[in-house]
Amino acid sequence: MAKMKIGFIGTGVMGTGIINNLLTAGHELTVYNRTKSKADNVLNNGAHWADTPAKATVNNEVVFTMVGYPQDVEEVYFGNQGIFSVAEPGQLIVDMTTSTPSLAIKIGAYTDKNGLLALDAPVSGGDIGAKNATLTIMVGGNKTAFDKLVPLFKQVGQRVNYFGSYGAGQHAKMANQIMIAGTMTGLTEMLVYARAAKLDLPTVLETLNSGGAANWSMANYVPRILKGDYTPGFFAKHFLKDLRIALDEADKMNLNLPATNQAKQLYEQLVDQRNLGNDGTQALVKLWWES
């Protein structure tokens, strides 16, 4: 595809991998992050720095955002130095943050009124997927924007699906997080059980990965746990945020999701009581053991 001028707001674990892949594809990137030092990796790889979200928006064809929480999204878009303070008709705006469907709808309503094109496009695949351009991208919003950006999405992900209007991408991501809640609690209790039974844990992992128990979370996170590596491929505090959003949306649809609620309670112990929110999601096992 033709090279593009892109603004990217948020250079965390996921944003960094995505930005680097866009740079590798030859696009011109201007980035903003609240803490500039966390942008050093992408700046060293050729990205340009902007002092505000607004400055990362000016003169760019597409602006991506990937920040932590819905309140961060709100500030980045609607704040005094936010995207919408300078955005021009025709610009494409893509929020890749896992956020609330209602906020995606609010952003979409603003863009419809002001001649912009918006998508909510959260992703799955963790730091590995971001680094290797193998993300799964779940998209809602303006279909014209989606059609224009499919080639760009394919430079950072291996699967891109459109689910409907504003907020639909966020709903798809909630379905993803509900599924992951089960795999994370499952792999944790599997390890706790196998260790108590005095089984060789690497052999357990190898065996389960070859059978019906195989899943992405176990394959990617159990090796880290066995090395005592709790660095975040995805922050535990952000996963807890996602589970709270999913359960809030479920309540709005009169759904009871007891397993997801139990996973939320376990992550609340990890994040709120143990103050381990900056660990990766695999740190859930620390509720049972410390190494």
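Modeller: In this predicted model, strand β6 gives the most to the lining of the largest cavity, with 3 residues.

Colleague: What makes the space a cavity, and how many of 30 Å³ or more does the structure hold?

Modeller: A cavity is a set of points where a 1.4 Å probe fits but cannot get out. The structure holds 1 cavity of 30 Å³ or more. About 50 Å³ of space lies in the largest cavity.

Colleague: Which residues line the largest cavity?

Modeller: The lining consists of Y77, I93, D95, A104, I107, A118, L119, D120 and Y166. Two or more residues each come from β5 (92-95), α5 (101-114) and β6 (117-120).

Colleague: How many residues of that lining are nonpolar, polar and charged?

Modeller: The division is 7 nonpolar, no polar and 2 charged.

Colleague: Why is T65 called buried?

Modeller: Buried means under 20% relative accessible area. T65 has 1% relative accessibility, so T65 counts as buried. The place of T65 is in strand β4 (residues 62-65).

Colleague: What does T65 touch, not counting residues up to four places away in sequence?

Modeller: T65 touches I9, V76, Y77, I83, V94, D95, M96 and T97.

Colleague: Why is K148 called partly exposed?

Modeller: K148 has a relative accessible area of 49%, so K148 is partly exposed. K148 lies in helix α7 (residues 143-153). Leaving out residues up to four places away in sequence, K148 touches L92 and L117.

Colleague: How do you know that the buried residues of α9 are on the same side?

Modeller: The buried residues of α9 (residues 201-208) are L201, V204 and L205. They cover an arc of only 100° around the axis, which puts them on the same side of α9. An α-helix has 3.6 residues a turn, so residues three or four places apart point the same way.

Colleague: What do the buried residues of α9 pack against?

Modeller: The buried residues of α9 pack against α8 (168-196) and α10 (216-226).

Colleague: How do you know that the span of α12 agrees with its number of residues?

Modeller: Helix α12 (residues 258-273) has 16 residues, and at 1.5 Å a residue it should span 22 Å. The end C-alpha atoms of α12 are 21 Å apart, which agrees.

Colleague: Which residues of α12 are buried, and what covers them?

Modeller: T260, A263, K264, L266, Y267, E268, L270 and V271 are buried. What covers them includes α8 and α11 (236-252).

Colleague: Why is V271 called buried?

Modeller: The limit is under 20%; V271 has a relative accessible area of 12%, so V271 is buried. Leaving aside neighbours within four places in sequence, V271 is in contact with A236, K237, L240, L276 and G277. The C-alpha atoms of V271 and N220, 51 residues apart along the chain, are separated by 21 Å.

Colleague: Which residue with a positive phi follows α12?

Modeller: N275 follows α12, and its phi is near 55°.

Technical notes. Residues are numbered from 1 along each chain as its sequence is written. This is a predicted model: local features need pLDDT of at least 70, side-chain atom pairs count only at pLDDT 80 or more; totals for chains, interfaces and linings use all residues. Side-chain values use heavy atoms; hydrogens and water are left out. Buried means under 20% relative accessible area, exposed over 50%, partly exposed in between (1.4 Å probe, protein chains only). Helices (H or I, at least four residues) and strands (E, at least two) are DSSP runs, numbered from the N terminus. The arc is that of the directions from the helix axis to the C-beta atoms. Contact means heavy atoms within 4.5 Å. The expected span of a helix is 1.5 Å times one less than its number of residues. On a 1 Å grid over the protein atoms alone, a cavity is a set of points where a 1.4 Å probe fits but cannot get out, and a pocket is an open set with protein on both sides within 12 Å along at least five of seven lines; lining residues have an atom within 4 Å of a point. Grid points are joined across faces, edges and corners, and a volume is the space filled by probe spheres set on the points. Ala, Val, Leu, Ile, Met, Phe, Trp, Tyr, Cys and Pro count as nonpolar, Asp, Glu, Lys and Arg as charged, and the others, Gly among them, as polar.
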